Amino acid sequence: MSKVAISSVKEGDEYSFTVNDFNRTQFVKYAGGGGDFNPIHHDQTFAEKAGLETVFGMGLLTAGILSRVPVEWFGPTTVHKYNVQFRERLWPGDNVEFKGVVAKTYEKDGVAYADLTLSATNQDGKPLILSTATVRDQ
């Protein structure tokens with residue numbers, strides 16, 4: 001999708017994409033890039049000793065992918081604020097919908113703004129992350 005002007009969207013407009021079948025390789029790649037080598041994310045034996053069935057993805061991996069919503073929708077230099085609340089874990093095999101909805105549009109000092117509600121939701125309808133973001137024209 002090409003970038004849209006913030007001044008052209010209205011409340012209720014949506015943008016989303018889905019990432020299917022998350023896997024351990026993605027978790028390990030993120031660990032290498034982000035420096036999060038907690039074994040709970042890649043070591044099956046460690047995860048089991050912690051009382052889990054398997055490893056799980058980093059919350060910041062999910063948050064990073066969710067940040068693609070405003071970036072792909074409006075462009076990377078438009079993101080003014082980005083906040084997240086972690087709710088559920090990302091498990092191997094999960095299919096996740098990353099979605100943004102325009103909650104409010106307004107103008108301030110001649111600049112168009114939009115407040116967004118964002119979510120990353122798994123195949124069972126459980127939100128992994130609930131988020132808000134504000135984007136603005138440059």
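Thr54 sits in the loop that connects helix H2 (44–49) and helix H3 (59–66); helices (H or I, at least four residues) and strands (E, at least two) are DSSP runs, numbered from the N terminus. The model is predicted, so local features need pLDDT of at least 70 and side-chain atom pairs count only at pLDDT 80 or more, while totals for chains, interfaces and linings use all residues. Residues are numbered from 1 along each chain as its sequence is written, and side-chain values use heavy atoms, with hydrogens and water left out.

Is Thr54 buried or exposed? With a relative accessibility of 16%, Thr54 counts as buried, because buried means under 20% relative accessible area, exposed over 50%, and partly exposed in between (1.4 Å probe, protein chains only). Apart from neighbours within four places in sequence, Thr54 is in contact (heavy atoms within 4.5 Å) with Arg24, Gln44, Ala47, Trp91 and Pro92. Two of these contacts can be described further. The side chains of Thr54 and Arg24 are joined by a polar contact of 2.7 Å, and the side chain of Gln44 makes a polar contact with that of Thr54 at 2.9 Å. A polar contact is a pair of N or O atoms within 3.5 Å; within protein, one must be able to donate a hydrogen and the other to accept it, and residues adjacent in sequence count only if both atoms are side-chain atoms. Between Thr54 and Asp43 there are 8.3 Å in space, C-alpha to C-alpha, and the two are 11 residues apart in sequence.

Another threonine, Thr62, lies in helix H3. Thr62 counts as buried, at 4% relative accessibility. Leaving aside neighbours within four places in sequence, the residues in contact with Thr62 are Leu90, Phe98, Ala120, Leu128 and Ile129.

The strands come next. Five of them form an open sheet in the order E1-E3-E4-E5-E2, with antiparallel pairing; two strands pair if DSSP finds at least two bridges between them. E1 and E2 stand at the edges with a single partner strand each, so one side of each has no neighbour in the sheet. On average, neighbouring strands of this sheet are turned by 15° against each other, direction ignored. For such angles, axes are lines fitted to C-alpha atoms, for helices over the stretch in contact, and angles run from 0 to 180 degrees between N-to-C directions.

How many bridges join E4 to E5? Strand E4 (residues 111–122) and E5 run antiparallel and are joined by 9 bridges, and Asp115 has Thr134 as its bridge partner in E5. In the hairpin of E4 and E5, 4 residues lie between the strands, and Gly125 takes a positive phi near 80°. Strand E2 (residues 79–86) also pairs with strand E5 (residues 127–136), in the antiparallel sense over 7 bridges. Here Val79 has Val135 as its bridge partner in E5, and Phe86 has Ile129.

Leaving aside neighbours within four places in sequence, Leu116 is in contact with several residues, including Pro70, Trp73, Val101 and Val135.

Finally, there are the charged pairs. The count comes to 3 salt bridges, a salt bridge being a side-chain nitrogen of Lys or Arg within 4 Å of a carboxyl oxygen of Asp or Glu. Glu14 and Lys99 meet in one of them (3.5 Å, N to O). This pair links distant parts of the chain, with Glu14 in strand E1 and Lys99 in strand E3, 85 residues apart. Asp13 forms a salt bridge with Lys10, with the closest N and O atoms 3.0 Å apart; Asp13 is buried at 19% relative accessibility, whereas Lys10 is exposed at 54%. Glu72 and Arg68 form a salt bridge with closest N and O atoms 2.7 Å apart. These two are 4 residues apart in helix H4, which means that about one helical turn separates them.
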